[in-house]
Structure formats: structure tokens, C-alpha cells
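Student: I am new to this structure and would like a guided look. Could we go through it step by step?

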Amino acid sequence: MSAANAAAAPAKTPAPAVTHRRKSKLGWNLLGLLVVFTAGFPVYWMINTAFKPAKDAIDPDPHFFPSTFTLENFKRALDIADFWGPVLRSLVVSLVVVVIGIAVGLLAALAISRFAFRGRKIVIVGILAVQMVPLVAMIIPVFLLLNDLGQYDRLSGLIITYLTFILPFTVWTLRGFIVNIPKELEEAAMVDGCTRTGAFVRVVFPLLAPGMVATSVYGFIQAWNEYLYALMLMSQQNQTATVWLSNFITKNGTEYAPMMAGSTMMAVPIVILFLLVQRKMAAGLTAGAVKG
């Protein structure tokens, strides 16, 4: 075929299947961008408001970009009330809850996943049932119980309370990770001379580590952001970081700009935690997705 004939030949049109895939991919990309925008815009607006002058934060005609950057809101947030005390208390409570929750939850999840015992299904159903109970429905019983135990307005009492809803979540999540680890790996290690404990420590635990990190992060976030129980069970002298934000609601109105500055500072520990464990988080979220 001559060059002229080749040039005159019509161009190949893409197959209908290829066109459909491209349109489908474009649709999913647009949907993903919409989800990212919807989830990320409140965070952007919080940071945006934190750096705005206070008068611009209540402007009826909002601006998506601050015309003037200021740090006065952060200074006001630190001056309005004790900031480091509530943050330290929240940090202590969250870390202790995560450590106890992971230690106890791992043993419970391992027992449920690897051992057959009487009442096993009842335990699993009970774990699910506890997670379905609204937290607000347990405020009065929890208050009365902690008051009788002398744990009202104490960090130890708040830790016990948080464990009532974080521990079931931890057990159920870790159970899912353990189930996806084949039993044959443990059995092979035991054939080679390991005890059951040795097989778990040398074989299962390294594979379970990403899942434990992911579960720990989510448990930490639940404890860090909890507001209702911290408000009802702790006095103003022992308030946590989330309750501390209510100091910006005064008789003269709500100070939105300093409140957003305080919220931004409160988000820093969570961001740092995610940056430190982001690789383990990704591995934990995809664990068990593909079977080898």
C-alpha cells in the first residue's frame, strides 16, 4: 500500500468495550474526587477559619480564602483556659485505653478465632450487641456505677468507661485479622518444634502487627474524640480536650475563630500519629484482601 493510500485510510475507532471502560473509569474518578472534596472541605474550613481574623469568621458573606492571616486566634485559644492540661489528660486516657484494649482484645480475639468452646457463638453475638447499644443510653447506669466505686471525676473511671465500647470494637476487628491468617502456618511451626505460644509469637504475631496498628489508631481516635462521657463524668478541673472546646461558648456568643484554632491544635496529635504509622495502616486495611 502506498503512502497516499495509507494516509487516506480511516483511523481505527476504539472498541465499544474500551470506550465503556474509559467512561466508567472517568465516572469513578469523578466520584472519588467528590468524596475527597466532601470529606476534606470541613477540615479545610476549620484551618481556614483558624487563621482568619475573628470578625471574618462570622462574616455573613464567607470567603473561601482568608484575606488576612493572623495567629491571634491561637493566642486566644491558649489564653482562654488551660490548654495543655486537658490535652495531656486526653492523651493519657487515649493511650492507656489503647494499650489495655489491644492487650485484652488480642487475647479475646485469639480465643474466639482459634479455639472452640461452649458459648463461643454467644460471646460473638454479645460483642456485636454491645456495639449496637447507643452510648447515650448507658450514661445513667455508668454514672451510678462509677459513683458507687469511687471513680467519678477520675481518669481511671473514664478509662474504664471508654473500654466498655472500645474493647468490643477491638475484639471484633482483631478477630477479622486473625481469621484471615491460615491455621496451617501455626500447625507447621508446631510440627517444627514450636509450642502454641511460640508459634503465635514467631508466625502469627508478625502477620497480625499491621492489623493491630490499624485497630490501635481507630481506638485512639475514638477515645480522643469522645465528648459525651467526658462531659458527664469529669468536672471542669479534670476536663479533657474535647470538653475544653466548650470554653469558647460564652454568654456573649460563640467565639468561632479561636474555637477553630483550638480544634486545629487538637488535630495535630492525630495527624502525627497517622504520619508515623501510615504504612502499617495501609497494610492493615488491606490485610486478608488477597489470599495466597
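Tutor: Let us begin with a definition: rings of Phe, Tyr and Trp (its six-membered ring) pair if their centres lie within 6.5 Å; planes under 30 degrees apart count as stacked, over 60 as edge-to-face and the rest as tilted. This is a predicted model, in which local features need pLDDT of at least 70 and side-chain atom pairs count only at pLDDT 80 or more, while totals for chains, interfaces and linings use all residues. Residues are numbered from 1 along each chain as its sequence is written, and side-chain values use heavy atoms, with hydrogens and water left out.

Student: Which residues form one aromatic cluster?

Tutor: A search of the whole structure finds 13 aromatic pairs. One aromatic cluster is made by F37, F41, Y44 and W45.

Student: What secondary structure does the chain have?

Tutor: Helices (H or I, at least four residues) and strands (E, at least two) are DSSP runs, numbered from the N terminus. Counted that way, the chain comes to 13 helices and two strands.

Student: How are the rings of F165 and Y229 arranged, stacked or edge-to-face?

Tutor: F165 lies in helix 8 (residues 155-179) and Y229 in helix 11 (residues 228-233), so the pair ties together parts that are 64 residues apart in sequence. Their ring centres are 6.4 Å apart and the planes are at 15 degrees, so the pair is stacked.

Student: Is F165 buried or exposed?

Tutor: Buried means under 20% relative accessible area, exposed over 50%, and partly exposed in between (1.4 Å probe, protein chains only). By that rule Y229 is buried, and F165 is also buried.

Student: Which residues of helix 4 are buried, and where do they lie around the axis?

Tutor: In helix 4, the buried residues are N73, F74 and A77.

Student: Which residues does L208 touch?

Tutor: Contact means heavy atoms within 4.5 Å. Not counting residues up to four places away in sequence, L208 touches L106, F177, I178 and I181.

Student: Where does T240 lie, and what is its relative accessible area?

Tutor: T240 is in the loop between helix 11 and helix 12. Leaving out residues up to four places away in sequence, T240 touches P86, S90, L158 and A230. T240 is buried, with a relative accessible area of 3%.

Student: How many residues are in the chain, and what percentage of them is buried?

Tutor: Among contacts in the chain with a separation of 6 or more, residues 24 or more positions apart account for 72%. Of the 292 residues in the chain, the buried ones make up 34%.
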